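Dear colleague,

Please find below the structure that I am handing over to you. I would be grateful if you could look through it alongside the notes that come after it.

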Amino acid sequence: MRLVSCHIENFGKLKDFSLSFEEGVNTLCRDNGWGKSTLAAFIKVMLFGFEEEKSRDELKNERKRYRPWQGGVYGGRLEFETGGERYEVARTFGAKEKEDCFSLRKKATNLESRDYSDAVGQELFSLDRASFARTVFVSQNDCGTAATDAVSAKIGNLAEDTEDINRYEDVNQKFLSLINQMSPARRTGSLYRQKEEIGRLEERIRGGRGVDRAIEELLGRIHDKLAEQQALKEEQTELLERQRRIGAWKDIQAKREAYEALCREYQEREESLKAERGYFPGELPDRSRLEQAITESGGLSGGSEAVRIFRLSQEEAVRSGELERLFAQGCPPQETFQEKEELALQLQDMRGTLAAEQLSAGEAQRLEAGKARFSDKVPMLQEVDQVIADWSSCAERKNVLGQKKLTYEALRGIAQTGANGGGRKNGRKSARPALWAGLLVCGAAFLLAGILIMAGQPAPGAIAGALGAVAGVYCIWLLMHKGGFGEKREETQRDLPENDSLRQMEEEIREDQEFIENTVRNTEAFFARYGIVWEASPWDRENGVLGSLYSFKAEVREYITLSERERNAQTDRFNELCLQASEELKRFLGAYYPEEDLKEAQYAAKLNRLKELAGEYRALKEKGERFRRAEEGLSSLQKRIRDFVETLGMEPEEDLAGQLLRIQERLLSYENSRKEYEISRQRREAFEASENVEEIRKPCPGEEDTGDLQEINQRLEEIADRLERIYGYVSEDNRQLDSLREEADALSEDRENLEKLREEYAGESQRYELLKTTREFLEQAKISFTSRYTGPIRESLGKYYEMLTGEDPGRILVDANLNVTIDEQGMQRETRFFSAGYRDLFGICMRMALVDAMYQEEKPFVIFDDPFANLDGEKLKGGLKLLQRIGEEYQVIYLTCHESRVG
Amino acid sequence: MKLIHCADLHLDSKMTSNLTKEKARERRAELLHTFDRLLDYAEENRVEAVIIAGDLFDTKNISATARNTVRDGILNHSDITFFYLRGNHDADSFLGSLEEMPDNLKLFGDSWTSYPLGDGKVIVTGAELGPENSAGLYNDLMLDREKFHIVALHGQISEKAPRDGAEYIDLRKLKNRGIDYLALGHVHARGEGELDPRGRYCYPGCLEGRGFDECGEHGFVLLDIDPEAGTFRREFVPFAHRRLYARQVDVSGCMTTRDIEDRIRKSLEKEPVSPENLLKIVLTGNIDVSGEKNLDFLIKKFDPEFYFLKIYDETSLEVDYRLFAQDQSLKGEFVRLVEAAEDLDSQQKAAVIRCGLLALAGEEPE
C-alpha cells in the first residue's frame, strides 16, 4: 500500500496544499512551523479520523487543534494505492463528527467505492488508530512503542481469530476486578465481608450457648414442678376419694340419725296427742260453740258485777220503804215538779212585783204633785224632746247667723265689685275677683273654725268650718262654671251665679231668722203651758232654757213611772193569780205533807225537797229493777254455760269462764299436738318414701374409715394452695421459657444463616480460586502465545539496530510482552534507563521490527516526522542510512526541518 | 375398632433450609393444619385412638401456636384417646405447658406402660427408648396373649446400638412376645414388615414431607381391629398437604440453556408434577465446556409452575481437547496449557477452561 498524493483544502495552517508521493523515500524538508506535523496529522486523520474528540484540551482535541486558521473548507483529499487499485479519500469536517463528510472513489472510474468505509485506516492496516500511531506513524518526540493487543494480534498474524487475544487485556482486567471484588484479604472483598459476617454469627452463636442451657435448666425446673404437681394431684385424688367416702358415710349416718330423730319425734307427738286427748272425756268441743260459750262467759263477770252494784244496801232498802210510803199514791213525774217549781217562781215573782210597785211616801207625794201639775194634760216625752231639739238647733243657727250675714255682706260686696269691673274689663277676667274673694272667705272661715275648735267651742267652730266649706264649694263652682281663670266665658253670663248665690244666702239667712223666731215663740208658749219659768233676760234665757227643759223632762218621766206603779199596785187580777197559784201549790204539797201547815214561803223549799225525794225514790226504784234484771240474766247465762260444759262430759266448775278458757286452751293444745303429730307423721312418711330406710339402717361399708375429715380438708387446702403456687411458678417459667425460646429461635436462625453463609463462602471461595487459577492460566497462555513471535521480531529488531548503530544486535532482547531490554554490562535493562537518543533509536527499530512482523504481505507506507532530532552525528548517519534501507521496502514519508537530517 | 398410627409429624420444623422465610412459615402452618385435618379425619371416621409414635414436635422450642393447636386438638376431641410416645425430637416442653393433663392424653415412660382400649381387649403398650433402656427393656415386656397388643416404639431398627448412642429397636428381641402390631416411628419413609407369625411392624413415615430427602407419599396408617377375632386390617392413608419430588434430568449434549429447558420440559411431561408440590430438579450428564447454561434463567422459567422449585446442577463439563490442539489462538494456547496441568483433576480443568473461555468470549466467567 502506498500514498499517491494528497490535497489539503484547509487543515491547521495548511491551505490549498498539494503533494505527490513517490515510491521509496519522500523527503519533505521545511522550516520549523511550516506545518510538517500538520501534514502528517492530515494523512492520519484522512485515514482514521480525529482522536480525542471529546477532550476540551484543544491540543489533544485534534478537531479543534487543526481547525483551519484562515477558515474555509475544513478537509482535503488523499489518494492511495493498494492491491493494484487507486482510491481517493475525500473528507470535510464540521464542528462535530456528524457534520463530517466522507467519500471514497476509485480513481480508475472516479466512481464512489464501498470497498472501504470511513474507517479506512483500520480496514487497510487491520490496526486501530493507536496501533497505527505506535507503528507506521513515527512522530516527532514519540519514537517509543509498546505492543497493544491489536499490535500483538497483528504480529501474531492470526487474522482468522484475533478476538481473544484482542480481548486479553479486558479479560485480565475483568478477572482482576472480580478477584479484587471477592478478595478475602480486602475489606471491600465479598469473601472478606462474608468471613466477617461468619465471624459475627459465630460470635453470636457462641454468646447464645447459654440460652440452650437456660432452656434446659428451665425445662428441668418445670419438669420437677410438674412432677410435684402430679404427685400432689394423685394425693389430692386419693384424699378426695377418702373425703368422698367419709362424706358418703357421714351422709348415711346423718340420714340414719335424721330418720331416728323423725321416728322419735313421731312417737313423742303421738304420746303427746293422746295425753291432750285425755283431757276431754267426751267428744271434742266444737270450736265455734266453745268460742261462743267463751264469748258468752264474758258476761258472767259483768252480770255478777251488775248484781253486786245494783243490789240495794240495807240503808237503801229502808230508805226505799220510806219513800214507798211517801209516794204511796204515786210519784209525780219530773215534769210535774218542773211545772210546780215554775208556778212557785211565778208566785214568788208576783209577790215580789206587788211588793215593788208599792209607792214610798215621797213618791206618793211627788205623784200627787205631778197629778196636780199635769191635771190637764200630761206632756209626752217626745214633745219635750222636740222642744229641746228645736231650741238647740235654734241656738246653733243663731251662732252661725252672724257669720252668714258677714259672709253674705262680703260676697255681696265682691259681687258688686266684680259686676262693675266686668263692665270695664275683658270678659276673660270677670270671674277672677269673685274667685279670689271666695278663696279669702274660705281661708278665713277655716281659720276661724280652727281657732274656735282650739278654744273649746266646737259648735261655732263647726259652723265656721261649714262656712269655709261653703266658700270653698263656691270657689270650685266658680272654677267649674265660670271658668275661674278661663278665657271663654262670655260677659252675658257673668252676673248670674253671683246673684243666685247671694239670693240663696239671703234665703238661708231669712229662713234661719224665721226659725229662730218661731222656736223662741213656741218654746215660750211651752214654758207657759206647763208653768216653767221663762227667764226675762235673753242671756239667762239663752243659758237656762235647755236646763229647764231637761229638768222638766225628768219630772215628766218620774210622773209617768209613778203613775204606772200606782196603777199596777191597785190591779186585783194580779192578786187573784197569786192566790190561785198559792192554793195550787199548797194543795200539791199538802198531798205529801198532810200533817204540815205549809206557808207560802215554804213552797219552794218543800217543792225542792219533794223533788229530791222523788228523784231518790225513782233512783232506788230503778236500781232495784236493774238488780232484778241482772240477777235474772246472770242465772240464765250460768245455766247455759253449765249445760255446755256438761255436754262435754265435764263437771261445771265454780269459775265457769275460767273453765271455758282452760277448755279452749287444752283444745288448742290438742289441735297443736294434732298438727305436730301430723307433720311428724308426714315427715317420717316422706323420708321413708324418699330414702331406702332398710339401706340406711344397714351398717355403712367403710364405716370404720371415718378418718379425720378436718385433717383431710386441711390437707386438701394445702394441696390446692400448693398446686396454685406451682401453677403460678410453671406459668412464670413458661413465660420465661417462651422468651428464651424466642432467643433460641433467633440463634437457630443464626445457625442456619451461618450454615448457609459458610456454604456460600465455600462456593465463593471455590469460585475465587477458580478465577485466580483461570487468570493464571490465561496469563501463561498469553505469554506462551506471544513468545512464539518474539523471535522474528527480535531478529528484525536486531537487523534494524545493527543497520542503525552498527552494533551487535545480540544485545537487544524482546520478551513475550514485546518489551525491549538491552543487555548492558551483564544486565537486561529497560530502554527507559537509556538516553533520549538511544530510546528513539530503539523505538524506531522496534517499530520497524513490528511493521515487518505485522505486514508480511502488502507493505504499508511509513511516516517519519523528524524522528532523528535527538541523534548525534554518528547515529544520524545510521538513521539516514536506515531510512534509505526502509525506503527500499516501504514507501517512506520523511519530514524534517533541517537539511542536516536529509540524506 | 379404628386406630390411627402416625409418627414424625415434626410440628414447628423450621424448614428454612430450602424455603424462603415466608414459605417456611407457610409450611409450618400447613404442618399444623395437617395435624388438625388428621384429627377431623379421626372424628369423621370414628377412630377411637390416635397413636403418635414419636417426634410430634421437631424441636424442644415449641411455638405457642403449635402448642395450643395440639393441646386444643386433644381437648376438643375428648372422645378420641391420644397415645403420645415421645421421640428423640420431643421434649417435655409441650407437656410442661399443659396446665392440666387431658384425660384423653396417654403418655409413656422409659419402662413399659399399657393402656386398655374399649372393653380391654385391645392393649396399647409403649416405652420411650433412650441410651439407658434400649438394651434391657425387651425382657420386661410381658403381654397377655389373649388380647390384641399394639406396641409403640420410636427408633431405628437395628441389631446393635449405633455408635452415637441413638435409640434403636432390635426386632429380634420383640419376636414371639404376643405383639400384633408394632407401631414404630423415627424413620421418615414408610415401611413395614413381618415381625413374627403373629405380628407386623410398621413405620408410617412422616405425616408430611419437609425436605427433598422426604419425597413421595406421606400420611398415616389406619388400623381396623377386630378385638374379638384378634385380627386387623391396615391401610396407608396418603394425607400430606404437599408432596416433594426430586427429578433427575440428564442434559448431556445440551449446548444451550434452551436445550436444557427442553430436556426438563420433556421430563415433566413424562412424569408430571402438580403445581402445589415442591420439586427439585437435578441436572446430570456431561455438558460441553463451551456450552451455554444459565440456571437463573431455568429457575425463572419453571419456578412459577410449582409451589417451590430448586435446580441443582450436577452436570460434568466435557472438554474435547482435540478441537483446541491446532488452535493457534490465545484460546487454544490456554486450553492446551490447562490440559497439561498436572495438579488439576478433569473437572477442575473443565471448570477452569469453561471459566476462561467464557471470559474470552466476553461473558461473565462462571
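The notes below go through the strands, the nonpolar cores and the contact between the chains. Please bear in mind that this is a predicted model.

Strands of chain A

Strand β1 of chain A, residues 2-11, has partners in β4(A) and β2(A). With β4(A), residues 75-82, the pairing is antiparallel and runs over seven bridges; within it, C6(A) stands opposite L78(A). With β2(A), residues 14-20, β1(A) is again antiparallel, here over six bridges, and I8(A) has F17(A) as its bridge partner. Two residues lie between the strands of the β1(A)-β2(A) hairpin, where G12(A) adopts a positive phi near 60 degrees.

Chain B has an open sheet of six strands in the order β4-β3-β2-β1-β13-β14, with mixed pairing. Its edge strands, each pairing on one side only, are β4(B), residues 105-107, and β14(B), residues 231-238. From one strand to the next, the twist averages 20 degrees. Within this chain, β1(B), residues 2-6, and β2(B), residues 47-53, run parallel and are joined by five bridges; L3(B) has A49(B) as its bridge partner there. Helix α1(B), residues 21-44, lies across β1(B), β2(B) and β13(B), and runs at about 165 degrees to β1(B).

Nonpolar cores

Which residues have the most contacts inside the largest nonpolar core? In this core of 62 residues, they are F42(A), I43(A), L797(A), C845(A), A849(A), I863(A) and V892(A). Helix α24(A), residues 836-854, supplies the largest share of the core, with eleven residues. Leaving aside residues up to four places away in sequence, F42(A) touches C6(A), I8(A), F11(A) and G76(A). Another core, of 61 residues, lies apart from the largest one and includes L9(B), F57(B), C206(B) and L207(B).

Contact between the chains

Where the two chains meet, 36 residues of chain A are in contact with 27 residues of chain B. On the side of chain A, the elements that give two or more residues are α6(A), residues 163-182, α8(A), residues 209-278, and α22(A), residues 709-787. Of these, α22(A) gives the most, with 21 residues. The residues on this side of chain A comprise 20 nonpolar, seven polar and nine charged.

With kind regards

Terms used: Residues are numbered from 1 along each chain as its sequence is written. Chains are lettered from A and ligands numbered from 1 in the order in which they are written. This is a predicted model: local features need pLDDT of at least 70, side-chain atom pairs count only at pLDDT 80 or more; totals for chains, interfaces and linings use all residues. Two strands pair if DSSP finds at least two bridges between them. Helices (H or I, at least four residues) and strands (E, at least two) are DSSP runs, numbered from the N terminus. Axes are lines fitted to C-alpha atoms, for helices over the stretch in contact, and angles run from 0 to 180 degrees between N-to-C directions. Two residues are in contact if their C-beta atoms, placed from the backbone, lie within 7 Å. A nonpolar core is a set of buried Ala, Val, Leu, Ile, Met, Phe, Trp, Tyr and Cys residues joined through C-beta atoms within 7 Å. A residue is buried if 20 or more other C-beta atoms lie within 10 Å of its own, exposed if 12 or fewer, and partly exposed in between; C-beta atoms are placed from the backbone. Ala, Val, Leu, Ile, Met, Phe, Trp, Tyr, Cys and Pro count as nonpolar, Asp, Glu, Lys and Arg as charged, and the others, Gly among them, as polar.
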